[in-house]
Amino acid sequence: MSVILRPLAGPEELGLFLGLTYSLDHELADDLAGGRRLPSWMWVAERGGRVLARVAWWTGQPGGAPQALDFFDLDDTLPEPERSGVGAELLKRAAAAVLPDEVSAWPEYGRFVPGDWHEDDAVRGAVEARMKILEATGARLLVERLRLEWRPGTPVAEPSGRLAFRPVKDREDLVALMTPVLEGTLDAHGQADLAGGLSPREAAELHYDEEFAHFTTPRSWWRVAELAEGGAPVGFVVPARNNYHPIIAYIGVLPAHRGNGYIDEILAEGTRVLAAEDVPRIRAATDLGNVPMAGAFARAGYVTFERALNMTWG
């Protein structure tokens with residue numbers, strides 16, 4: 001029996017797509033209803049009604065082009081080389097149909113993996129099988145990230161009095177602070193923007209316009225940290241809610257003020273803003289290699305509940 005490669009005919013075929021599993025399955029129905037996914041962006045490889053592989057793209061801006069490749073699953077009971085062969089052909093066919101011809105590089109691939117995936121042979125084998133297929137199309141691993149969560153009841157440090165906080169005034173107020181933070185950043189995505197030719201100012205504007213501008217939660221939540229004595233800006237934090245969770249979207253300390261422990265106080269303020277909204281959790285993420293930021297989250301009581309892998313093309 002031959003393998004059929006095709007997109008979903010419509011939302012009514014979501015059950016077929018769920019023939020394989022991933023941690024984001026519970027978001028698919030709402031994503032389809034909200035226009036963040038289209039059936040034509042969700043492809044399966046099937047044989048006799050059994051799903052052998054699946055792939056899907058996502059956008060945070062309904063009506064826009066795909067912004068991320070976030071589903072790429074294989075039936076890991078299939079023997080090699082059949083498993084990789086089916087996955088590679090599905091990815092090739094689906095990308096050719098879904099991505100606009102003028103796209104110079106595919107949207108970033110993101111995959112959530114268990115925190116111990118390196119140590120678990122079965123999980124590592126499954127993750128690496130997908131990565132090898134993606135690498136054959138020109139992708140490379142950009143970064144491995146920690147996914148973090150603060151839970152209600154976790155203590156939040158009281159203000160020390162060293163800093164005062166005020167709401168962000170407008171786009172320029174925040175972009176002007178983001179710009180120096182991006183100079184010498186340890187964040188792999190920020191480094192990639194700069195390596196790609198963007199100036200720190202351009203990278204800050206792009207980040208604001210592609211992410212922050214689309215948050216529907218109050219901008220009054222966003223905070224600028226200033227020295228209590230003198231009022232000089234020290235850093236900022238952007239607490240918000242994306243389509244799925246309350247988050248610490250971005251946090252930064254200006255280069256001139258690093259090394260003074262201000263990051264802990266700024267993170268505590270952002271956590272306090274969201275905790276006051278009686279949220280069920282607060283999510284955040286930082287690069288595995290960004291040791292100072294990971295340490296700040298740990299001190300603030302955020303726990304690592306899984307990791308994320310990001311791969312890019314171009």
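The sections below go from the basis of the values to the cores, the helix pair and local features.

## Basis

This is a predicted model, in which local features need pLDDT of at least 70 and side-chain atom pairs count only at pLDDT 80 or more, while totals for chains, interfaces and linings use all residues. Residues are numbered from 1 along each chain as its sequence is written, and side-chain values use heavy atoms, with hydrogens and water left out.

## Nonpolar cores

The largest nonpolar core has 47 residues. Such a core is a set of buried Ala, Val, Leu, Ile, Met, Phe, Trp, Tyr and Cys residues joined through side-chain atoms within 4.5 Å; buried means under 20% relative accessible area, exposed over 50%, and partly exposed in between, with a 1.4 Å probe and protein chains only. Leu174, Phe212, Trp222, Val238, Ile248, Ile266 and Tyr302 touch the most other members. Apart from this core lies another, of 30 residues, including Val98, Tyr109, Val113 and Ala139.

Contact is taken as heavy atoms within 4.5 Å. Beyond its neighbours within four places in sequence, Ile248 has contacts that include Val237, Val238, Pro239, Leu267, Ile282 and Tyr302.

## Helix 3 and helix 4

Helices (H or I, at least four residues) and strands (E, at least two) are DSSP runs numbered from the N terminus. The axes of helix 3 (residues 82-98) and helix 4 (residues 121-136) cross at roughly 45 degrees and come within 10 Å. This makes helix 3 oblique to helix 4, because angles under 35 degrees count as roughly parallel, over 145 as roughly antiparallel, 65 to 115 as roughly perpendicular and the rest as oblique. Axes are lines fitted to C-alpha atoms, for helices over the stretch in contact, with angles from 0 to 180 degrees between N-to-C directions.

On the helix 3 side, the contact is made by Arg83, Ser84, Gly87, Ala88 and Leu91; helix 4 supplies Gly125, Ala126, Ala129, Ile133 and Leu134.

## Local features

The peptide bond from Glu80 to Pro81 is cis, with omega near 10 degrees. Pro81 sits in the loop between strand 4 (68-74) and helix 3.

Asp278, in the loop between helix 8 (262-275) and strand 11 (282-287), is not a glycine but has a positive phi, near 60 degrees. Asp278 is exposed, at a relative accessible area of 69%. Glu269, within helix 8, is buried at 11% relative accessibility. Not counting residues up to four places away in sequence, Glu269 touches Phe165 and Arg223.
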